[in-house]
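The sequence and the structure are shown first, and the description follows.

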Amino acid sequence: MIVAGHLTMAPDDREEFLRGHRHIVEESRKAPGCVDLSISPDPLDPGRVNIFEHWESPQTLDDWRSVAPPPKCDVQINDGSMYKHDVAKSGPPFDA
């Protein structure tokens, strides 16, 4: 299960947003079923944050969401695009 996308906010708010979500990244990476999770600044757009979550299954994602701590900030989100992807097959990133 992959959750991926981005959020946009005022550029001056991005660092506060990242600081306010750091504990969520730290805790989620310790959660059962979390393969990886990242909330990171976009290298080109100063008002954009990229989000990537990789979970072993839909159930482990649901389990985490039921206990996940709230953010420690109150930043206004202007726009974004987030999708949950149910992955049927995975493999190396490049064909041999």
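In what follows, a residue is called buried under 20% relative accessible area, exposed over 50%, and partly exposed in between. The model is a predicted one. By that scale, Arg29 is partly exposed, because its relative accessibility is 49%.

**Salt bridges**

The structure holds four salt bridges. Three of them, including the one made by Arg29, are listed here with the closest N to O distance and the accessibility of one partner.

| Salt bridge | N to O distance | Relative accessibility |
|---|---|---|
| Glu26 and Arg22 | 3.0 Å | Glu26, 38% |
| Asp36 and Arg29 | 3.9 Å | Asp36, 31% |
| Asp42 and Arg48 | 3.5 Å | Asp42, 13% |

Glu26 and Arg22 both belong to helix 1, where four residues, about one turn of the helix, separate them. Glu26 is partly exposed, whereas Arg22 counts as exposed because its relative accessible area is 58%. In the pair of Asp36 and Arg29, Asp36 is partly exposed and Arg29 is likewise partly exposed.

Glu53 lies in strand 3. This residue is buried yet takes part in no salt bridge. Which side chain of opposite charge is nearest to Glu53, and why does the pair not count as a salt bridge? The nearest is that of Arg65, at 4.8 Å; the pair is not counted because a salt bridge requires a side-chain nitrogen within 4 Å of a carboxyl oxygen. The side chain of Glu53 does make a polar contact, at 2.9 Å, with the side chain of Trp55. Beyond four places in sequence, Glu53 touches Met1, Ile2, Val3, Asp36, Leu37 and Leu61. Among these neighbours is Asp36, which forms the salt bridge with Arg29.

In soluble globular proteins, nonpolar side chains tend to be buried together. Here the largest nonpolar core has 19 residues, and those with the most contacts inside it are Met9, Phe17, Leu37, Ile39, Val49 and Trp55. Two or more residues come from each of strand 1 (2-8), helix 1 (14-30), strand 2 (34-41), strand 3 (48-55) and helix 2 (58-67). Helix 1 gives the most, with four residues.

Val49 illustrates the packing. Leaving aside residues up to four places away in sequence, Val49 touches Gly5, His6, Leu7, Met9, Arg14, Phe17, Leu18, Ile39 and Ser40. Trp55, also among the residues with the most contacts inside the core, is the polar partner of Glu53.

In helix 2, the residues Thr60, Leu61 and Trp64 are buried. Seen down the axis of helix 2, its buried residues fall within an arc of 100 degrees, so they line one face of the helix. Their cover includes strand 1, helix 1, strand 3 and strand 4. Leu61, one of the buried residues, is in contact with Glu53.

Ala68 is found in the loop between helix 2 and strand 4 (79-85). This residue counts as partly exposed because its relative accessibility is 31%. Ala68 and Leu44 are 24 residues apart in sequence, and their C-alpha atoms are 29 Å apart in space.

Technical notes: Residues are numbered from 1 along each chain as its sequence is written. This is a predicted model: local features need pLDDT of at least 70, side-chain atom pairs count only at pLDDT 80 or more; totals for chains, interfaces and linings use all residues. Side-chain values use heavy atoms; hydrogens and water are left out. A nonpolar core is a set of buried Ala, Val, Leu, Ile, Met, Phe, Trp, Tyr and Cys residues joined through side-chain atoms within 4.5 Å. Buried means under 20% relative accessible area, exposed over 50%, partly exposed in between (1.4 Å probe, protein chains only). Contact means heavy atoms within 4.5 Å. Lys and Arg count as positive and Asp and Glu as negative; His and the chain ends are not counted. A polar contact is a pair of N or O atoms within 3.5 Å; within protein, one must be able to donate a hydrogen and the other to accept it, and residues adjacent in sequence count only if both atoms are side-chain atoms. The arc is that of the directions from the helix axis to the C-beta atoms.
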